[in-house]
Amino acid sequence: MLARLRENIRVVFDRDPAARSTLEVVTCYPGFHALTLHMLAHGLWLRDFKLLARMVSHISRFLTGIEIHPGATIGRRVFIDHGMGIVIGETAEIGDDCTLYHGVTLGGTSWNHGKRHPTLGKGVIIGAGAKILGPITLHDGAKVGSNAVVVKDVPEGATAIGIPARVLAAQIEQAREEKAEQLGFSAYGVGADMNDPMVKAIHGLLDHSVTTDKRLEMVLARLEALGVDCAEERATADKFDPTYLNKIVD
């Protein structure tokens, strides 16, 4: 129990740069409070003190704004950031080292008994407001963007975005993120995962920029093969203004 508490405190420092002291984490972090009370509620649930477990869970919900059913299984070093509005269903399973942001729902889609809530593998990250619905599996290292609605399995290491969520092709995601980093702009940071027309337009521009860069590289390579000196063109700095892009997205 004490070892789990120490892990839950340490993980806050690992994933939240705003954390300043152990006392602050213990007294002011609702995610830590909810996970601590869930350990108690889950223990009571497993020992067949169902009503008492539900009462502890209800008190935790009242104090933290985070609703975790005592039957849910939660692994080690799970981090709940902010936490308000999180709902985790009875048969949900959360693996080690997962991160959940505020407004996340791990919910069911039927009234049938048995497994009806999601399973999260190790190291899964769920963005703010995302809804993961049904007895689906998000495999190790999967990411779900903010406000996405996921109703199908997400492969290991993949990213799911949109409503309903679609899995972003790995090569497209990598190229987009690399280009965004070059421009001084993080697509994920402004909500790459949101079903927002502005964000979609920006992503389209980034994707087009990646394709254009590849074509220009091919042209330069062919010119150099013909003996043309393209050193000056390669050395030309990108005139793109990331500050303007960030400003219009805000």
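A: Helix 3 and helix 4 are roughly antiparallel to each other, a label given to angles over 145 degrees. This is a predicted model: local features need pLDDT of at least 70, side-chain atom pairs count only at pLDDT 80 or more, and totals for chains, interfaces and linings use all residues. Residues are numbered from 1 along each chain as its sequence is written, and side-chain values use heavy atoms, leaving out hydrogens and water.

Q: At what angle do helix 3 and helix 4 pack, and how far apart are their axes?

A: The angle is about 175 degrees, and the axes of helix 3 (residues 30-46) and helix 4 (residues 50-64) are 8 Å apart. Axes are lines fitted to C-alpha atoms over the stretch in contact, and angles run from 0 to 180 degrees between N-to-C directions.

Q: Which residues of helix 3 meet helix 4?

A: On the helix 3 side they are Pro30, His33, Ala34, Leu37, Leu40, Ala41, Leu44 and Trp45. Their counterparts in helix 4 include Leu52, Val56 and Ser60. Contact here means heavy atoms within 4.5 Å.

Q: How do the residues of that contact divide into nonpolar, polar and charged?

A: There are 10 nonpolar, 4 polar and 2 charged residues in the contact of helix 3 with helix 4. Ala, Val, Leu, Ile, Met, Phe, Trp, Tyr, Cys and Pro count as nonpolar, Asp, Glu, Lys and Arg as charged, and the others, Gly among them, as polar.

Q: Moving on, how many helices and strands are in the chain?

A: The chain has 8 helices and 15 strands. These are DSSP runs numbered from the N terminus: helices are H or I with at least four residues, strands E with at least two.

Q: What is the strand order in the open sheet of 5 strands?

A: The order is 1-4-7-10-13, with parallel pairing. Its edge strands, strand 1 (67-68) and strand 13 (149-150), each pair on one side only. Strands count as paired if DSSP finds at least two bridges between them. Strand 4 (residues 87-88) and strand 7 (residues 105-107) have 2 bridges, and Ile88 has Leu106 as its bridge partner in strand 7.

Q: And the open sheet of 4 strands, what order there?

A: That sheet runs 2-5-8-11, and its pairing is parallel. Strand 8 (residues 119-120) is joined to strand 11 by 2 bridges, with Thr119 partnered by Thr137 in strand 11.

Q: Last one: what share of the residues is buried?

A: Of the 250 residues, 42% count as buried, meaning under 20% relative accessible area with a 1.4 Å probe, protein chains only.

How values were computed
Parallel < 35°, antiparallel > 145°, perpendicular 65-115°, else oblique. Buried < 20%, exposed > 50% of the residue type's maximum accessible area, 1.4 Å probe, protein only.
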